[in-house]
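Dear colleague,

I am handing over the structure below, and I would be grateful if you could look at it alongside the notes that follow. They begin with the ligand and then move on to the domains and a few backbone details.

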Amino acid sequence: MKLLPLSLNLNGQRALVVGGGPVGFRRCKTLVDAGLQVQVVSIDVLPAFVQFIQDQKLNLAKRAVTKSDVSADYALVVAATNDRAANQMLAAQAKQHGVLVNVADDAAACDVTFPSVLERSPVQVAVSSGSASPILSKMLMRRLSTVIPSGYGKLADLVGAYRQKVKQAIPKSADRKLFWEKILTGVVAENIFSGRPERAETLLQAALAKPKELQARGEVYLIGAGPGDPDLLTVRAVRLLHQAQVIVYDRLVSPEILSMFGEHQEMLYVGKQRANHSMPQQNINQVLVDLAKQGKRVARLKGGDPFIFGRGGEEIETLAQSGIPFQVIPGITAAAGCASYSGIPLTHRDYAQSVRFVTGQLQDNTVDLNWPQLIDNDQTLVFYMGLNGFPIISQNLIEHGMNAAMPVALIEKGTTLQQRVHITSLDSIGDYLATNKVQSPSLFIVGEVVQLHQKLSWFEANEAESK
Ligand code: SAH
């Protein structure tokens, strides 16, 4: 049965709710909220419901319902008694009087059903499963509530107040549509969401004064995609990725994440591989500037967190110099993701009081680090980009005094279904890497905390772990 979704204006009209249990109570609250005057009829009424009726100054008739309770004076009848015959009688009476009826737990008898509603007043999002599963509707609703921030109501209020002015200032409807799209997805909306309504209004007024400039104005979101598992994207990242027109990404962004986008966005690969930069950093910086100057909303998507070994700073420096608006959305960095998904806490009261993220990248075939600083038994070391340099790194750590038996975890493709965790030690890692094929991206965790993996490992990848 296909339903017709409508948003009914029944403000000031009358409704009859029969039944004083939880369903009647819930419906009654919804009706009062929508401005209806409610008459309640029921032999028994929940105490909280009685209180509500008193507070709202509604009418309550504490008795059994009769046919004559239903009349054409009502816009809507809700039959929510626990007596099926009474509910059916009410439905039949309502139909006779041409009044809309809702019957609890009886989809076939209903003219109208109550959807789950997400309130972002004046915006309302309603989900109906056509009585198949109210729990499913609620679940979907909760999911929607995470991607529709509460600020959407305020945004609707602001743009509602400017609707007529914009209509006068931009008479062509196609131009107006573009204008509103920019406002609803750009800095005006972002300022509302981040709790700066005055700034949002000033920006809206400025945009209205010079709509052409707004058209030409792009912006860039520098977004951390996390280490691989798409579930680790932040809510904000997902929202901005959906509203971007171009997604500029590189090799570290997992295919699972990329497959979520692209239907409405242009996807631009600027991937980098070690010693084989397919696009030099300056060119990437320039691409972002050029796209934004074309008026595009650009998502620059980077693996992990953009500010941890991500050169994110350089990319936004160029944007800042060119006066292009941007924002930075943090991501879960590989160290945090790999640590969680391999059951290795990076700090632990008994083993490590601090943690250090270190680059293990080779330069001229060597790794130049401040070795004495790295030698500390109470500290966990995490090496990014260390796959090629690690034999040199482990050798140096041992030479500078670290225990040669210090456990090392090598986590390959962390947080993805292809994750593999290799456990070895400083003095045997060289041999291990020589005999085992390990793929990138992978990182090394060095420290006593690695021992905890055996106890705390929980994540099951598709492939068997190799140890
Ligand atoms: N900005 C990124 C790091 C970029 S440097 C972040 O915050 O995570 C690239 C290095 O990150 C890789 O060489 C590897 O050491 C590490 N890395 C990124 N994703 C990883 C993953 N899924 N598993 C293991 N290591 C990862």
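The ligand is surrounded by 18 residues, and the closest are Asp305, Ile308, Thr333, Ala334 and Gly414; a residue is counted here as near a molecule if one of its heavy atoms lies within 4 Å of it. Please keep in mind that this is a predicted model, in which local features need pLDDT of at least 70 and side-chain atom pairs count only at pLDDT 80 or more, while totals for chains, interfaces and linings use all residues. Residues are numbered from 1 along each chain as its sequence is written, and side-chain values use heavy atoms, with hydrogens and water left out.

By class, the shell around the ligand holds 11 nonpolar, 5 polar and 2 charged residues (Ala, Val, Leu, Ile, Met, Phe, Trp, Tyr, Cys and Pro count as nonpolar, Asp, Glu, Lys and Arg as charged, and the others, Gly among them, as polar). Helix H14 (334-342) and strand S19 (442-446) each supply at least two residues of that shell, where helices (H or I, at least four residues) and strands (E, at least two) are DSSP runs numbered from the N terminus.

The protein is divided into domain 1 (1-114), domain 2 (217-332) and domain 3 (335-466), with bounds from an automatic or database domain assignment. Because domain 2 and domain 3 both give residues to the shell around the ligand, the ligand lies between them. The C-alpha centres of these two domains are 28 Å apart, and 10 residues of domain 2 are in contact with 15 residues of domain 3, contact meaning heavy atoms within 4.5 Å.

Turning to the backbone, the peptide bond from Ser121 to Pro122 is cis, with omega near 5 degrees, and Pro122 lies in the loop between strand S6 (116-120) and strand S7 (123-127). A cis peptide bond also joins Ser440 and Pro441, with omega about -5 degrees, and Pro441 is found in the loop between helix H17 (429-435) and S19.
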